[in-house]
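This briefing is for a reader who is new to the structure shown below.

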Amino acid sequence: MFDKKSNYDEMIGASKALGKVIREIRAAWLEAFGTEMVVGGATPSARFDDLLAQLRAKWAGKRDRERLIEALDIEELGTAASDIEHVVEFVSDATFLRNVDDLTPNQVLSAMAAVAWDESSDDGAIEVELASFLRTVIKRIFGDNNLKGRINIGANRHFPRLYQWLTEYAEQTAWEGGSGLKIRNLSGRGRVARHPRDPKLLKVVINRAFL
């Protein structure tokens, strides 16, 4: 059971944990509502109380609550998500990874290389929907590094960073005679947007001969 005083004191006493909670919730807030969450207060406890007050105000509305639950990647909490303190305690769990910025470039690029090879074929280039490719990459990262967590693949705050890494990996596979991985629109037509927002609209073309 969530003991408000003891958990507040423990969390406030650990500035790293408090900073993580504020960072995660502000990022989810921006994704859910398109506006910055401004957390006020002169002390850590005041900032934490202000954070909770703003969350409670949004949590009262069904649609706002659903948006935040999706943005925070906490669907697995189920009915427990109705308890805002339980949500904050869950987000503060340092052993549960839910943000791509907590991954290292080496972890991501190594997983992309491994997945590209596994998905490729000796019989020529193959096409893989980008959303499927990235889900497999995340699963590979968690498995290879003994991590636990949840990172949703979609038009969310994680995708710009993942796409940045993907373009970096694609550049590493580019050779004079061809490319090991190319990013294309799912339709196969037109140029890929400079800053695409939804992986479900893209695919990757993988050619083992150039990996």
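The chain has eight helices and seven strands; helices (H or I, at least four residues) and strands (E, at least two) are DSSP runs, numbered from the N terminus. This is a predicted model, in which local features need pLDDT of at least 70, side-chain atom pairs count only at pLDDT 80 or more, and totals for chains, interfaces and linings use all residues. Residues are numbered from 1 along each chain as its sequence is written, and side-chain values use heavy atoms, with hydrogens and water left out.

**Overall figures**

- Of the 211 residues in the chain, 43% are buried; buried means under 20% relative accessible area, exposed over 50%, and partly exposed in between (1.4 Å probe, protein chains only).
- The chain exposes about 11,600 Å², and 49% of this comes from carbon and sulfur atoms; accessible areas come from the Shrake-Rupley method with a 1.4 Å probe, and for residues only the protein chains shown count as cover.
- A contact means heavy atoms within 4.5 Å. Among contacts between residues at least 6 apart in sequence, 67% join residues at least 24 apart.

- Strand 7 covers residues 202-206, and five of its five residues are buried, so the strand is largely enclosed by the rest of the structure.
- In a regular strand the side chains alternate between the two faces of the sheet. Here Leu 202, Val 204 and Ile 206 point one way from strand 7, while Lys 203 and Val 205 point the other way.
- Strand 2 (residues 126-129) runs antiparallel to strand 7 and is joined to it by four bridges; two strands pair if DSSP finds at least two bridges between them.
- Opposite Ile 206 in strand 7 stands Leu 181.

**Nonpolar cores**

- A nonpolar core is a set of buried Ala, Val, Leu, Ile, Met, Phe, Trp, Tyr and Cys residues joined through side-chain atoms within 4.5 Å.
- The largest core has 32 residues, of which Met 112, Leu 130, Phe 133, Leu 166, Leu 181 and Val 204 touch the most other members.
- Two or more residues of this core come from each of helix 6 (105-119), helix 7 (130-144), helix 8, strand 6 and strand 7. Helix 7 gives the largest share, eight residues.
- Not counting residues up to four places away in sequence, Leu 166 touches Met 112, Leu 130, Phe 133, Leu 181, Ile 183 and Val 204.
- A second, separate core holds 26 residues, including Ala 32, Ile 69, Ile 74 and Phe 90.

**Aromatic rings**

- There are two aromatic pairs, counted where rings of Phe, Tyr and Trp (its six-membered ring) have centres within 6.5 Å; planes under 30 degrees apart count as stacked, over 60 as edge-to-face and the rest as tilted.
- The ring centres of Trp 29 and Phe 33 are 5.1 Å apart and the planes stand at 75 degrees, so this pair is edge-to-face. Both residues lie in helix 2 (residues 15-33), four residues apart, about one turn of the helix.
- Phe 159 and Tyr 163 form a tilted pair, 5.7 Å centre to centre with 50 degrees between the planes. These two residues both belong to helix 8 (residues 159-172), and both are buried.
- Arg 161 lies over the face of Trp 165, at 4.2 Å from the ring centre; a charge sits over a ring if NZ of Lys or CZ of Arg is within 6 Å of the ring centre and within 35 degrees of the ring normal.
- Arg 208 lies over the face of Trp 117, at 4.2 Å from the ring centre.
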